[in-house]
Amino acid sequence: MTAQGSRRVLAEFTYEVPPVERGYTNQILYVNLSNNTITAKPVTEEMKEKFIGGRGFGLWLLWHGVKDDTKWNDPENEIVISSGPCGGITQYPGSGKSLVVTISPLTDIPIDSNVGGHFGPLLKFSGWDALEIQGKAEKDVIVVIDGQNGRVTIEEADDVPADSHLVGHWLINEMAEKEEDRYFMSVVAAGSGAEHTRIGCLNFSFYDRRRKAPRFKQAGRGGIGTVFRDKRIKALVVKSPPVRGDSNHPADPERIARAGLRLHKEIHDHDDEQNRMRKRGTPYLVQIMDDYDLLPVHNFKFGSHPDTPKINGDVWEARFSQGLPDGCWYGCTLACSHAVDHYTVRTGPYKGQKVIVDGPEYETIAGVGSNCGIFDPDAILEINFYCDTYGIDTISFGTLTAFVMECYEAGILDKEKTGGLELRFGNADAAIELLHQMARGEGFGKIAGQGVRRMKEYFVKEFGADPQFVQDIGMEAKGLEYSEYVCKESLAQQGGYGLTNKGPQHDEAWLIFMDMVSNLLPTFEDKAEALHYFPMWRTWFGLCGFCKLPWNDIVPPDNAMTDEPAKIPAHVQNYVEIFSGVTGKEVTADDLITMSERVYNFQRVFNIRLSKGLREHDAVPYRSMGPVTVEEYESRAERYDKQLRELLGLDPEKMTTEEKLAALRKYREEQYEKLIDAVYARRGWTKNGVPTLETLKRLGIDYPDVVEVVKKHL
Amino acid sequence: MNVLSFDPELCVGCHICEEVCSDTWFKTTDVERSRIRILDEGTGPLQAVFCVQCGECIDVCPTKALYRDRKGIVRLRKKLCVGCLSCVGFCPYGAMFYHPDYLEPFNCIVCGQCVKACPADALSIVEEATPAPTVTEQWETVVG
């Protein structure tokens, strides 16, 4: 499949494409770019039993591939891509995800990212449960997995562009001869921004048969694209045999089909009156978040803004092309992967090109929009397009740019320090130029592209910034930038962000409504139970190849009448049916949680092995807990004064704002510590956040090397 | 375009149409494999469920397996179908059918066998205006 037969092949491996058996091919494709070796490794029964697939396989393989002191840019660091046993079924919405795992350049611990597009399922149908890439190439390369002919190659890639939208066109123009060839191909690519920053993302393609163009979904968080380019990979290409309704060879196809039909019907009947995912996708959240004072504005200072209607779901519903089946894998009728077609790029190297902008998603709108004080939909589209094609995570870009803007307005930065960029809130042109600088690896963009944690150190050292202030307002934990929700008024969500394995990303837990709006978690024990159950539940999607959205962005009309509406019991049962239907192993809803607990605790121990993962690393910036500045306090003085009165018995009338800030802070920080104690106890960890031997034994992951890591801390 | 038409006043509920349909397309007389279903809910007249060729499923299909042929009939290209059943869940009439023995769904394509077989003349084929182009069909003219 070498394009035009002209590209130099550095390594070749041929194989017999095995049939998929109950969701597994039972082999892993191992590629080492340092010595150009390609081999097949077996998937053991132990791996399937204990680690299931997807993120579980990724962590297991990474654990065995790296050393205790491996850094993100060491050759032994790996990028592992795996879908999971249910990945690739076509009958149930949201069943085509790929999970990517590597050691992150932002956090120095494993990051996992759940991404759409066709790569993971097509990789499986080409014969591989996972792709494990180790080593570093000398020159830019592509890895081509041809599942139609049973051939894997590492090829030189001087002619392959770096930026993802160009890679997409290269793929369909040079790697596919006929229109039909494009259907079952997918590419993974990063971009020039991933090369020069620590916030690189990966783009996973799928071919849009109506637009006749490649589309992309992003493995955004944690700088995986940065690792990808550090390994000098330009692109991964997979070409699979045609996908059929039974390509995943499940044990009981009818069971899966029945669950799928239930959900298709539910979405058909109720999406319009619920979240309108089919018409506007995740941007439906923008106005809701603003209404509840949860939409990040000006670096998470505030939770709403009068200009939000300029960028809310109504606006995007009008901008997105309607009526197309915008699923990122076959059969996803929730179809949230919307696009703005025929967008004319207005800046930078691709100025004047007409492009498809994939998204924007809620997180992008909130991150590069409201959080930066930018309420111009075209500016958001411009940043969205360039972030994607440069291989830059929109969430980290949004959060770090908001941080830079606050530092600018606070006088820590000025035009001289930023090389002429007036990075005030609302200055979209400056934000866009910052992005171009990241892609070029120059100017202030190069500094900002290191992420909030490293900027904080840099600003203190080079510009004399107040360490406490930048620590308070720099919205990162473990080195990862926060995703886009204001959690000041939800203690449970403060834990939902802080007590994560990979850093503050909402895909582990989103408890704000349960906690703050519905007041369903009044005690520490309630909060701890939620911070046990939901992170485990959400982890499970990533073990199997599922998307989280069809679980709770559509609910059965009678869901509110169930015992535990937040869990969406009917949908949990669907997943029980599907997992059993695919693998042939009868499971219960509780079993799903145990599967996740195993992997989750393993990941915690992995963090500890790499010198993080203890209580001190679960600390969060005060901006995530409460108001840092006088301006912030006074903007919601009524709320905070009431809390001082009712919770602390103080009289705010007799206090200065500074005194009130200090009293509130002391209270909230104590609350967070109490929350940590309760959560650790529920999770079976010590007070220092270390999984106990009993916990490891109960979960069956008390392997000698795992126990050895933990013992040092018990 | 031609579509099937049903007169509940004439239907006697013999279900011969279902048997003939199933036999025509699947070589077996099994209601679960028929592209027309006669429903008797016990109250009121009998009802028939069959594809009215509205084409809503065409826009739901992720692979362009569903299309309207030159005669206006909604048909499935099996080669392109990935068996996702989106069309089954999204048919507003419940007239795209799934059977566990087959990967692909099926609908009435107005072959007329049931009309011929109906002893009560409750079924007929009538001429109706072809609906406006689907989004998919409009998109074809945009990108060629």
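How many residues apart in helix α12 of chain A are A:Tyr386 and A:Tyr390? Four, which places them about one helical turn from each other. Here are some notes on this and other points; please keep in mind that the model is predicted.

1. **The tyrosine pair in α12.** Helix α12 of chain A covers residues 377–390. The ring centres of A:Tyr386 and A:Tyr390 lie 4.9 Å apart with the planes at 35°, so the pair is tilted. A:Tyr386 is buried at a relative accessible area of 0%, and A:Tyr390 is buried too, at 3%. Over all chains, the whole structure has 52 aromatic pairs.

2. **A second pair, in α20.** A:Trp537 and A:Phe541 are likewise four residues apart, here in helix α20 (residues 524–544) of chain A, and about one helical turn separates them. Their ring centres are 5.2 Å apart and their planes stand at 70°, so this pair is edge-to-face. A:Trp537 has a relative accessible area of 0% and is buried; A:Phe541 also counts as buried, at 1%.

3. **The cluster around that pair.** A:Trp537 and A:Phe541 belong to one aromatic cluster, whose members also include A:Tyr92, A:Tyr533, A:Phe534, A:Trp540 and A:Phe546.

4. A:Asp341 sits in strand β14 (residues 339–344) of chain A, while A:Arg211 is in the loop between β11 (202–208) and β12 (213–219), 130 residues apart. Both A:Asp341 and A:Arg211 are buried. They are also part of one network of salt bridges with shared partners, together with A:Asp208, A:Arg215, A:Asp326 and A:Asp358.

5. **A bridge from helix to loop.** The side chains of A:Glu317 and A:Arg276 form a salt bridge at 2.6 Å, N to O. This pair links helix α10 (residues 313–319) of chain A, which holds A:Glu317, to the loop between α7 (253–270) and α8 (277–280), which holds A:Arg276; the two residues are 41 apart. A:Glu317 is buried at 16% relative accessible area, whereas A:Arg276 is partly exposed at 24%.

6. **A bridge between two helices.** A:Glu529 and A:Arg682 also meet in a salt bridge through their side chains (2.6 Å, N to O). Because A:Glu529 lies in α20 and A:Arg682 in α26 (residues 657–683) of chain A, the bridge ties together parts 153 residues apart in sequence. A:Glu529 is partly exposed at 34%, and A:Arg682 is partly exposed at 34%.

7. **Where the chains meet.** In the interface, 31 residues of chain B contact 30 residues of chain A. The chains bury about 2,600 Å² between them, with 61% of that on carbon and sulfur atoms. B:Val82, B:Phe90 and B:Trp139 supply 26% of the area that chain B buries against chain A, more than any other three residues.

8. **Polar links and the chain B side.** One salt bridge is counted between chain B and chain A: the side chains of B:Glu104 and A:Arg244 meet at 2.6 Å, N to O. There are also 14 residue pairs in polar contact across the interface. On the chain B side, α2 (56–60), α3 (86–90) and α5 (135–143) each give two or more residues, and α5(B) has the largest share, six residues. By class, that side has 19 nonpolar, six polar and six charged residues.

How values were computed. Residues are numbered from 1 along each chain as its sequence is written. Chains are lettered from A and ligands numbered from 1 in the order in which they are written. This is a predicted model: local features need pLDDT of at least 70, side-chain atom pairs count only at pLDDT 80 or more; totals for chains, interfaces and linings use all residues. Side-chain values use heavy atoms; hydrogens and water are left out. Contact means heavy atoms within 4.5 Å. Buried area is the accessible area (1.4 Å probe) that two parts lose on being put together, summed over both. A salt bridge is a side-chain nitrogen of Lys or Arg within 4 Å of a carboxyl oxygen of Asp or Glu. A polar contact is a pair of N or O atoms within 3.5 Å; within protein, one must be able to donate a hydrogen and the other to accept it, and residues adjacent in sequence count only if both atoms are side-chain atoms. Ala, Val, Leu, Ile, Met, Phe, Trp, Tyr, Cys and Pro count as nonpolar, Asp, Glu, Lys and Arg as charged, and the others, Gly among them, as polar. Rings of Phe, Tyr and Trp (its six-membered ring) pair if their centres lie within 6.5 Å; planes under 30 degrees apart count as stacked, over 60 as edge-to-face and the rest as tilted. Buried means under 20% relative accessible area, exposed over 50%, partly exposed in between (1.4 Å probe, protein chains only).
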